[in-house]
Amino acid sequence: MNYELNLSHLQELEAESIHIIREVAAEFENPVMLYSIGKDSSVMVRLAEKAFAPGKVPFPLMHIDSKWKFREMIEFRDRYAKEHGWNLIVESNMEAFNAGVGPFTHGSKVHTDLMKTKALLDALNKYKFDAAFGGARRDEEKSRAKERIFSFRDQFNQWDPKNQRPELWDIYNSRVHKGESIRVFPLSNWTELDIWQYIRLENIPIVPLYFAKERPCVEIDGNLIMADDDRLPKELVPKIHNRMVRFRTLGCWPLTGAVESNATTIEEIVEEMMTTTKSERTTRVIDFDQEASMEQKKREGYF
Amino acid sequence: MEDKKLDIKAYLDADEKKDLLRLLTAGSVDDGKSTLIGRLLFDSKKLYEDQLQALERDSRRVGNAGAGQIDYALLLDGLKAEREEGITIDVAYRYFSTNQRKFIIADTPGHEQYTRNMITGGSTANLAIILVDARTGVITQTRRHTFLVSLLGIKHIVLAVNKMDLVNFSEEVFTKIKNEYLALTSQLGIEDVTCFPLSALEGDNVVEKSPRTPWFQGTSLLQFLETVPIDRDRNMQDFRFPVQYVLRPNLDFRGFCGKVASGVIRKGDEVVALPSMKKSRVKNIVTYEGELSYAFCPQSICITLEDEIDISRGEMIVRPDNLPNIGRYFQTMLVWMDEEPMDRGKQFFLKHNTNTTRATIDEVCYRVDVNTMEQLPGTDFKLNEIGCVRITTAKTIFFDAYKQNKATGAFILIDPITNNTSAVGMIIRPLEMDDINKADVPTLDLKKLGIGEEHYEAIEKAMKDLARQGLEIVIRRPSPTPNPSSPKWEVGNI
């Protein structure tokens with residue numbers, strides 16, 4: 001009897017990710033999977049479901065809600081978690097929110113620092129998680145290209161790119177002292193195309209914002225921003241026009257630029273991606289705050 | 001419009017079937033390594049335009065290339081600290097694909113003090129590209145990189161003789177370097193070596209064959225990378241299944257999850273659990289999608305057995321007629337990765353597959369001069385030093401020689417105080433000292449100690465916590481469901 005003993009690249013990546021996810025469940029006391037509701041998170045969540053089938057995933061899902069996410073994201077999050085039996089934790093920096101912090105009034109840097117980074121760090125401390133999964137990929141951004149799969153964080157949740165633990169074969173060092181933690185990136189070796197391909201093959205549900213539709217948009221500093229709720233500054237309201245757009249990444253609605261597109265299927269999205277001239281993070285306003293800004297944010301504890 | 005949709009679908013269907021080649025590049029800052037990778041990425045048309053725009057901006061500010069030229073190296077050096085120093089300080093991973101294959105490049109620096117990064121980047125590589133400058137040929141650093149590649153057991157080597165434009169694409173220069181290099185690799189026992197004359201800066205023989213080297217008979221580098229066969233590199237002979245996670249969603253299901261480290265397993269195959277030596281048969285191979293009739297490395301699967309056998313994380317399922325070495329003593333190559341030098345008085349944590357145990361370095365047999373490959377008298381290793389040592393573990397481990405089986409021959413040593421990964425090892429052979437096996441492993445006989453059964457579960461849980469710390473304690477207790485006719489005693493080895 002002849003056996004097919006080759007794996008395709010996607011099957012190999014899937015096996016690698018499942019191995020990483022199980023390793024964390026086995027070696028840490030209190031892991032959590034961070035969920036951004038984006039396409040990468042959706043793949044990561046499916047991989048976790050696969051890793052423990054036919055059982056339940058032994059750790060919770062946590063969403064850091066900046067309170068400025070697209071409404072469709074929140075609806076999708078709640079529905080998915082319910083339908084798939086996930087224990088969902090939602091945390092926000094309510095102090096800053098109640099003080100009125102937002103991207104329009106405080107700018108993207110202050111908003112991100114308080115509503116995303118600080119909210120995340122507070123939540124990690126609150127639950128004393130010793131490992132947190134993130135859906136980041138190495139092909140997304142230059143500083144991520146150098147990060148380990150098990151990325152050590154000190155007691156202040158800081159990443160030190162010059163002092164990373166050597167990481168060999170598939171043997172991961174999960175030892176930490178009290179207060180320290182590991183960020184784990186099971187999708188490290190996936191590319192954007194791999195993610196789309198996997199979503200297509202596995203029929204993984206994703207937020208409809210990824211598909212093109214007529215949406216009310218306004219142009220701010222060269223970015224097409226969708227007016228998702230009534231917090232858009234009043235002076236911008238008259239400038240709203242309906243445009244056929246979709247989103248390549250999802251984040252806070254005032255900070256995530258839409259792209260004009262007619263792609264309504266995954267095949268069309270991939271086709272657009274293959275012929276497009278912009279890489280996916282260009283629609284993220286925060287990457288352009290300052291030079292080497294993602295690395296800076298990572299050092300401070302943001303993903 | 002319909003046609004177009006079919007096209008992209010056909011593209012995705014073909015893309016889905018591509019395999020994955022992981023490659024390591026090694027060379028110094030001056031060999032044009034980053035330029036070569038930039039060229040592979042650029043010319044395989046996977047660079048997005050806006051990344052190029054950012055590049056042009058950065059080039060004007062800190063670029064090392066001449067005026068008006070794109071510095072491909074800037075694409076790769078992501079970290080701020082490195083840009084300032086003008087060198088790549090760590091491993092960077094890059095991704096590209098062609099119509100044939102997907103590629104992951106681990107880009108590592110060539111400086112001596114960063115040997116550990118090359119070891120890190122190369123551990124999962126199928127193939128290594130070693131760069132030399134055509135003007136200088138094989139230098140000390142080339143020997144060092146080649147030694148490290150052979151130590152890691154990377155099966156395929158490409159020697160990229162770069163900067164051929166600076167030696168007028170001379171066949172004589174290329175042949176001289178090639179012969180010198182082949183002499184080196186045959187000495188190290190590396191079989192598959194292919195040499196290319198390149199100019200990464202000008203693109204010769206990188207993606208397309210260059211008209212400037214009509215004497216060169218081979219293909220372009222990229223064509224070679226797209227076609228080199230890697231499917232026979234994995235060990236498909238020796239089935240090894242280190243149990244990673246035990247899945248018990250309900251009382252009727254006990255699944256052993258893990259990644260097949262090597263070999264193939266079929267439904268119905270006879271297996272044995274180590275170290276208990278209890279036999280059973282594979283009842284099912286369970287995945288999210290459903291059952292599989294067989295599985296092979298490196299698939300992540302879940303196995304159920306016909307019989308109720310207690311197997312924990314760190315134990316191993318194998319075939320009864322093909323066992324690994326079972327023991328606590330072995331001789332191994334060791335690469336020291338820590339700023340803090342080796343301390344033989346220390347008890348390290350040794351992580352091997354899914355098994356963690358305490359371990360000591362008993363003896364340094366010799367140290368290797370990575371430049372000359374000479375064996376030097378054994379002394380404690382410092383950062384980036386490599387040599388041969390003898391190790392004793394507190395728990396029994398199930399291993400093979402790294403040369404036969406990477407997945408079960410590799411381990412890491414973790415410092416118990418700093419938690420750093422202090423060293424990494426490639427096992428050479430077991431040592432014959434196992435006669436006093438387990439004499440020094442403490443044993444708790446729960447019945448003898450007069451401990452009530454209601455406490456057994458709590459004690460087992462505490463022992464499991466200790467096992468996570470790498471401390472092995474054997475518990476002796478009566479079986480939880482004793483058979484009245486013949487009281488069965490179970491020796492739990494956690």
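The following dialogue explains how to read several features of a two-chain predicted model.

Trainee: Which conventions apply to the numbering and to the values?

Mentor: Residues are numbered from 1 along each chain as its sequence is written, while chains are lettered from A and ligands numbered from 1 in the order in which they are written. This is a predicted model, in which local features need pLDDT of at least 70, side-chain atom pairs count only at pLDDT 80 or more, and totals for chains, interfaces and linings use all residues; side-chain values use heavy atoms, with hydrogens and water left out.

Trainee: How many helices and strands does chain A have?

Mentor: Helices (H or I, at least four residues) and strands (E, at least two) are DSSP runs, numbered from the N terminus. Chain A has 8 helices and 10 strands, and chain B has 11 helices and 26 strands.

Trainee: What does the radius of gyration say about chain A?

Mentor: The radius is taken over C-alpha atoms, and the globule rule is 2.2 Å times the number of residues to the power 0.38. For the 303 residues of chain A, a compact globule would have a value near 19 Å, and the chain agrees, with 19 Å. Along the principal axes, its C-alpha atoms fill a box of roughly 65 × 50 × 40 Å.

Trainee: Why is helix 6 of chain B described as largely enclosed?

Mentor: Helix 6 of chain B is largely enclosed by the rest of the structure because 8 of its 8 residues are buried. Its buried residues pack against several elements of chain B, including strand 1 (19-26), helix 7 (140-152) and strand 17 (325-336). One residue of this helix, which spans residues 115-122, is Arg116(B). At 14% relative accessibility, Arg116(B) counts as buried. Beyond residues up to four places away in sequence, Arg116(B) touches Gln164(A), Pro166(A), Met337(B), Leu383(B) and Asn384(B).

Helix 2 (residues 33-43) of chain B is also largely enclosed by the rest of the structure, as 9 of its 11 residues are buried.

Trainee: Is Thr264(A) buried or exposed, or does it fall in between?

Mentor: Thr264(A) counts as partly exposed, at 42% relative accessibility. It lies in the loop between strand 10 (259-260) and helix 7 (266-275) of chain A. Leaving aside neighbours within four places in sequence, Thr264(A) is in contact with Phe211(A) and Ala212(A).

Trainee: Where do the domains lie?

Mentor: Domain bounds come from an automatic or database domain assignment. Chain A is given domain 1 (9-193) and domain 2 (207-288), with their C-alpha centres 24 Å apart. Between them, 25 residues of domain 1 are in contact with 27 residues of domain 2. Chain B is given domain 1 (2-227), domain 2 (240-318), domain 3 (325-435) and domain 4 (443-493). The C-alpha centres of domain 2 and domain 3 of chain B lie 28 Å apart; their contact takes 12 residues from domain 2 and 10 residues from domain 3.

Trainee: Which backbone features deserve a separate reading?

Mentor: Most residues other than glycine have a negative phi, and most peptide bonds are trans. In chain A, a cis peptide bond joins Ala53(A) and Pro54(A), with omega about 5°. In chain B, Leu274(B) and Pro275(B) are joined by a cis peptide bond, again with omega about 5°.

Asn205(B), not a glycine, has a positive phi of about 60° and is buried, with a relative accessible area of 0%. Asn419(B), also not a glycine, has a positive phi of about 65° and counts as buried at 3% relative accessibility.

Note on methods:
Buried means under 20% relative accessible area, exposed over 50%, partly exposed in between (1.4 Å probe, protein chains only). Contact means heavy atoms within 4.5 Å.
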